Amino acid sequence: MRAPLAVSLVLAAAASSAVAQQRTTAAPPPPPAPRPTLIVLVTVDQLRPDYLTRFGAQLTGGLGRLYRGGAVFTDAYQDHAITETAPGHASTLSGRFPRGTGIVTNTGGVYDPQAPLIGAHGGGDSEGSPASPFRFRGSTLTDWLLVRDPRTRALSVSRKDRGAILPMGRAKQSVFWYDQDAPAGPAGSSPGGFTTSHYYADTLPTWVAAFNAAHPIGAYAGRAWTPLLAADAYPEPDTVSAENGGTDVAFPHALPRDPQRTAVELTVTPWMDELTLDLALAGEHALALGVGPQTDVLAVSLSTTDAVGHRYGPDSKELHDQILRLDRYLGAFLDSLYRDHDSTRVVVALTADHGVAPFPGVRTADRDRPADARFLDPWTLAAPTRAALRARGVDTTAFRFADGVLQVNRAAFARAGVSVDSTVRAFADALRRTPGVMRAETLEETARHDTTRDALARRWLHMIPADLDVALVVTPQPYFPWGDPSHANHGSPHDYDAHVPIIFYGAPFKPGRYTRTVRVVDIAPTLAAVAGVRPTEGIDGVVLQEALK
């Protein structure tokens with residue numbers, strides 16, 4: 001029954017008085033955190049979030065510090081379909097999905113023949129290649145900060161070119177990555193060092209040249225990677241034949257004695273991350289980042305977890321040890337930053353560009369993996385269709401199937417009098433009958449799914465720019481990775497590839513666990529909010545308000 005009006009008014013007044021008394025007696029809210037003078041983004045290539053829980057008790061350095069003392073989002077994703085390094089890094093500080101950044105795959109990432117490396121001899125689409133962000137569309141956090149204060153400076157470093165370039169977008173800031181062929185010192189010295197391309201500069205700055213000279217890669221020749229902890233600290237077996245193509249599967253892993261080969265193999269050891277963090281600190285000193293009054297940006301992408309994960313898999317003793325060593329290196333890095341800066345003016349964000357699938361047939365922590373899981377080779381799947389097209393006079397380059405995406409050259413089909421639509425339908429039908437293939441759809445068919453509930457469809461629609469002509473998008477069954485058995489792989493829209501950590505650490509953030517589903521594109525607007533700037537264009541991400549004080 002409803003209370004009489006007079007009684008209701010009395011009750012409401014009493015409640016209002018109680019609330020007012022609570023507000024009066026409660027402690028005043030803390031003042032807002034000052035704007036940061038330095039924003040640090042750490043992207044660990046292929047860092048699965050379960051590593052932080054699996055190895056958590058052993059994490060006593062930087063990873064442990066961030067995980068236990070930061071604002072940790074436990075249900076965070078790269079919410080796009082092709083979970084590779086280039087599209088993942090392009091989303092970190094842009095706040096936009098690949099459909100907006102234009103960075104869809106690694107091969108369509110940063111390779112640019114018009115931007116040769118300074119002093120490099122490499123070629124092809126890999127480290128050592130000419131590179132720039134010319135394919136990147138739109139702006140990033142650095143651009144938004146520059147609009148407010150042109151004094152903003154940014155430094156981005158990585159072992160990989162795409163890992164260094166894409167968090168900065170098109171901004172011509174200080175961007176450096178490792179080149180195994182780069183001359184790092186006087187003639188006759190060992191090769192390997194950090195460089196950049198002519199998109200950014202015509203010569204290396206003095207501090208990078210000095211760093212290369214002081215850290216000769218040849219000094220690592222013959223050095224052996226051994227486990228950091230005692231044997232009983234690692235539950236993983238160390239003799240798994242599926243790892244590393246069946247060779248050198250057990251500790252210790254010794255680097256070659258030849259300096260040229262050492263410059264290559266160093267990238268698959270924890271020391272590569274240590275070198276990258278040391279370069280970041282050298283640049284932070286040389287460029288006087290974070291001294292204010294403006295907000296500067298330091299982006300560090302650490303690539304060894306990806307290299308070790310590919311070679312030995314996510315369930316290997318090598319991966320376990322790599323995470324432990326990364327934790328120690330990152331701890332020393334943070335300690336150095338806080339010695340140089342007021343910790344209340346430094347903000348740190350940590351994330352990853354993608355996860356990884358376990359090796360089919362190898363014992364794994366992923367309990368949902370089916371017993372018949374195996375690798376799917378895109379080239380083999382497309383071979384019958386290519387052979388039929390070749391017989392009808394269609395150049396096979398007009399039918400490109402890679403990364404789960406089919407693209408066709410419609411003009412080449414028309415010249416040969418072959419129907420594109422019938423070819424695509426026949427190929428899709430063949431794929432759907434193939435064990436290990438879950439879906440083969442056009443984007444129009446994908447858009448008919450309920451994308452609020454269907455993450456696979458949503459991630460494909462987040463992936464493809466409107467001006468990219470894609471005939472078909474293909475999703476494998478869970479735990480059927482693209483590639484070949486020589487290494488573990490990633491690249492699918494499934495959660496084991498898309499699930500990543502997102503952690504914020506610093507004065508503006510409330511430490512704790514946050515279980516709401518969030519996306520990597522939310523990082524940039526959240527960092528912009530604590531820096532007091534706004535994106536200069538429409539973005540996909542939102543500010544994660546619950547983590548802010």
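Reader: Is N244 buried or exposed?

Author: This is a predicted model, in which local features need pLDDT of at least 70, side-chain atom pairs count only at pLDDT 80 or more, and totals for chains, interfaces and linings use all residues. Residues are numbered from 1 along each chain as its sequence is written, and side-chain values use heavy atoms, with hydrogens and water left out. A residue is called buried under 20% relative accessible area, exposed over 50%, and partly exposed in between (1.4 Å probe, protein chains only). Because its relative accessibility is 15%, N244 counts as buried.

Reader: What is the phi of N244?

Author: Most residues other than glycine have a negative phi. N244, in the loop between β6 and β7, is not a glycine, yet its phi is positive, near 50°.

Reader: Where is Q46 placed, and what is its relative accessibility?

Author: Q46 has a positive phi of about 70° although it is not a glycine. Its place is the loop between β1 (38-44) and α2 (50-54); helices (H or I, at least four residues) and strands (E, at least two) are DSSP runs, numbered from the N terminus. Q46 counts as buried because its relative accessibility is 0%.

Reader: Which residue does a cis peptide bond join to G292?

Author: Most peptide bonds are trans. Here the bond is cis, with omega about 5°.

Reader: What is the omega of the peptide bond from F251 to P252?

Author: P252 is found in the loop between β6 (224-225) and β7 (253-254). The bond from F251 to P252 is cis, and its omega is near -5°.
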